[in-house]
Amino acid sequence: MTETSTLDAPAPAPAPATPPGRRPAPRRRKGPVKSPSVLLSKAGVTAMLGLATLYTLLPLTWLLLSSTKSREDLFGTNGFALGDEVHLADNLGHLFSADGGVYVRWIVNTVLYAGVGGLLAAVFGVAAGYAFDKLAFPGKERLFALVLLGVMVPGTAMAIPLYLLAAEAGLVNTFWGVFLPGLVFPFGVYLARVFSASYVPDEVLEAARMDGASEFRIFCRVAFPMIAPGFVTIFLFQFTQIWNSFFLPLVMLSDQDLYPVNLGLYVWYSSALSQGHPEDYLLAVVGSLVSVAPLIAVFLMLQRFWKSGMTAGAVK
């Protein structure tokens, strides 16, 4: 009996070649296929967005319904139920006439603090961000690192140092004590540098310099129109931040004629709780509803620029 040699065994057939231009079929993974997480599925994401929307709209709904009630209905009915009659017009009339019309003064103060202050802060932020991006000067990156440090420091932590500086300068309990700190917006400088790098080509600036334009004219006539969406975005951020500011005016001001609307509403609310004035509680509720209206109006008017600004750099 003879043994068959392994050399005489037939060679295995070669694997069929992959046709040119076609990738080999991927190998199937062994084992059960893992289904995507429930939270990351379409239904999970929709449910989370719905909860976030509900969380946002419920306080506004309560505020709107409560502003239409009389003082008796406000304390005697459910917060999300309508009263016997709609008293919104009477409540608004009482709001604007209470304490000699001081609420109108608070609104005007807040418009000056947030409107003018946010506008100037956006101009300064865009100019500084453009300079950090396009201009060369000694210590540029170190100065920008200080700007980033200012972004990381919360505003409430700066209230006491700002108060001490204002006390040295004689600005405590004055309009300028609240207005001037709002002109500094480190996050706006950082955001403006990002916008400048995304929107302003270096070739356009070089062409303007070759035509003999000064750096100030290049910024005003060439660069600024290109980063207008960034300017609007920075303005909206700072406008909202100053409008909602509370702790700095609380520390800096003692004259009610200089109060912003948030601090004035807090005074009415505290009076309702500590001194037993329920009419001040209704004033605080109706005043809160009116104070939200300018924010909504500004966002609706500028949403076209704001949306384009938020997507800067997303598409090349």
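1. Which charged end sits over the ring of F144? That of R193, 4.3 Å from the ring centre. A charge sits over a ring if NZ of Lys or CZ of Arg is within 6 Å of the ring centre and within 35 degrees of the ring normal.

2. This is a predicted model: local features need pLDDT of at least 70 and side-chain atom pairs 80 or more, while totals for chains, interfaces and linings use all residues. Residues are numbered from 1 along each chain as its sequence is written, and side-chain values use heavy atoms, leaving out hydrogens and water.

3. The chain has 14 helices and zero strands. Both are DSSP runs, numbered from the N terminus (helices: H or I, at least four residues; strands: E, at least two).

4. Of its 316 residues, 32% count as buried. Buried means under 20% relative accessible area, exposed over 50%, partly exposed in between (1.4 Å probe, protein chains only).

5. The aromatic pairs number 22. Rings of Phe, Tyr and Trp (its six-membered ring) pair if their centres lie within 6.5 Å; planes under 30 degrees apart are stacked, over 60 edge-to-face, the rest tilted. F96 and Y103 pair edge-to-face, at 5.8 Å and 65°. F96 is partly exposed at 39%; Y103 is buried at 0%.

6. F187 and F237 are also edge-to-face, because their centres are 6.0 Å apart and their planes at 75°. F187 lies in helix 8 and F237 in helix 11, so the pair ties together parts 50 residues apart in sequence. F187 is partly exposed at 30%, and F237 is partly exposed at 31%.

7. One aromatic cluster includes F144, F187 and F237.
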